[in-house]
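Hello,

Here is the structure for you to look over. My notes follow below it.

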Amino acid sequence: LTQDELKKIAAYKAVEFVESGMVLGLGTGSTAKHAVDRIGDLLRQGKLTNIVGIPTSKKTQEQALSLGIPLSDLDSHSAIDLAIDGADEVDPHLNLVKGRGGSLLREKMVEGACKKFVCIVDESKLVKHLGGSGLALPVEVVPFCWKFTANKLQNLFERSGCHAKLRNDCEGKPFVTDNGNYIIDLYLKTELGDLQIASDAILRIAGVVEHGMFLDMATTVIVAGELGITIKNK
Ligand code: DER
């Protein structure tokens, strides 16, 4: 099975949790895309009715609109029944790293407002510790003096051999999030120690808007692997 087929399997499994009448947080990324497509299919077939979607990015908003999924926002629905979204890393405690697609702020706002957050991944996302896989820990920062903020972040994780890098778009210009901010990717040589301490320290830096560690937020993680589907509950 290809990685995308595994992502689709996890996504379709998560959509089995969706009931008619629900207000749904719609995730962002290639895995969540399959879940949103599936929801659109079931609505069109009449197997799901009376669904309201709260998108976690402009990209997902456009996808949902094209599928005819009725949309709203957090201002109108402060309590959401269920969110379905992907992740870049999942540790054994269901803590996540997200944000490599650049949508972490709206994802964290929406998923923080959910009664249930079902995270969908292929098995390649499973890690023992967050931040150690050499992949980035994304941090959304204001564009004002972003170098100053990047240096503060790099110094914060100096002992982990941190390298802070401004994320660029495909034209080599700074990537701009849906909220008009920049992303600083933190590349760590050793995994993060106490995640809550790291999270609090990052958020104390004035130029930081939000980071990509989603601690104690996922209620269920659905993992699709070569040997089948595993469902991990908090
Ligand atoms: O950027 C994000 O937060 C995405 O949800 C990411 O964490 C997962 O993206 P993928 O499903 O394309 O791997």
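Is Arg44 buried or exposed? Arg44 is exposed, with a relative accessible area of 59%. Here buried means under 20% relative accessible area, exposed means over 50%, and partly exposed lies in between (1.4 Å probe, protein chains only).

Some ground rules. This is a predicted model, where local features need pLDDT of at least 70 and side-chain atom pairs count only at pLDDT 80 or more, while totals for chains, interfaces and linings use all residues. Residues are numbered from 1 along each chain as its sequence is written, and side-chain values use heavy atoms, with hydrogens and water left out.

Salt bridges

A salt bridge is a side-chain nitrogen of Lys or Arg within 4 Å of a carboxyl oxygen of Asp or Glu. The count comes to twelve salt bridges. Arg44 is in one of them, with Asp41, and the closest N and O atoms are 2.7 Å apart. Both residues sit in helix α2, three residues apart, about one turn of the helix. Helices (H or I, at least four residues) and strands (E, at least two) are DSSP runs, numbered from the N terminus.

Lys13 and Glu16 form another salt bridge, at 3.1 Å, N to O. Lys13 is partly exposed at 25% relative accessibility. Glu16 is exposed, at 57%.

Glu210 pairs with Lys108 in a salt bridge, with the closest N and O atoms 2.8 Å apart. Glu210 belongs to strand β10 (residues 208-211) and Lys108 to helix α4 (residues 104-111), so the pair ties together parts that are 102 residues apart in sequence. Both Glu210 and Lys108 are buried.

Strand β1

Strand β1 covers residues 23-26. Val23 and Gly25 point one way, Leu24 and Leu26 the other way, and all are buried. Two strands pair if DSSP finds at least two bridges between them. β1 pairs with strand β2 (residues 52-55) in the parallel sense, over four bridges. Leu26 stands opposite Pro55 in β2. From β1 the chain crosses through helix α2 (residues 30-44) to β2, and this β-α-β crossover is right-handed. That term applies if, with the strands pointing away from the viewer, the path from the first strand over the helix to the second runs clockwise.

β1 also runs parallel to strand β3 (residues 80-85), joined by three bridges. Leu24 has Leu82 as its bridge partner in β3.

Arg167

Arg167 lies in the loop between β8 (163-166) and β9 (182-187). Arg167 counts as buried, at 12% relative accessibility. Its side chain makes a polar contact with the side chain of Asp185 at 2.8 Å. The Arg167 side chain also reaches the backbone oxygen of Arg100 at 2.9 Å. A polar contact is a pair of N or O atoms within 3.5 Å; within protein, one must be able to donate a hydrogen and the other to accept it, and residues adjacent in sequence count only if both atoms are side-chain atoms.

Cysteines

A disulfide is a pair of cysteine sulfur atoms within 2.5 Å. The count comes to zero disulfides. Cys119 is in no disulfide, and the nearest cysteine sulfur, that of Cys114, is 12 Å away. Cys119 is buried, with a relative accessible area of 0%. Cys162 is in no disulfide either, and the nearest cysteine sulfur, that of Cys145, is 19 Å away. Cys162 is buried too, at 9%.

Best regards
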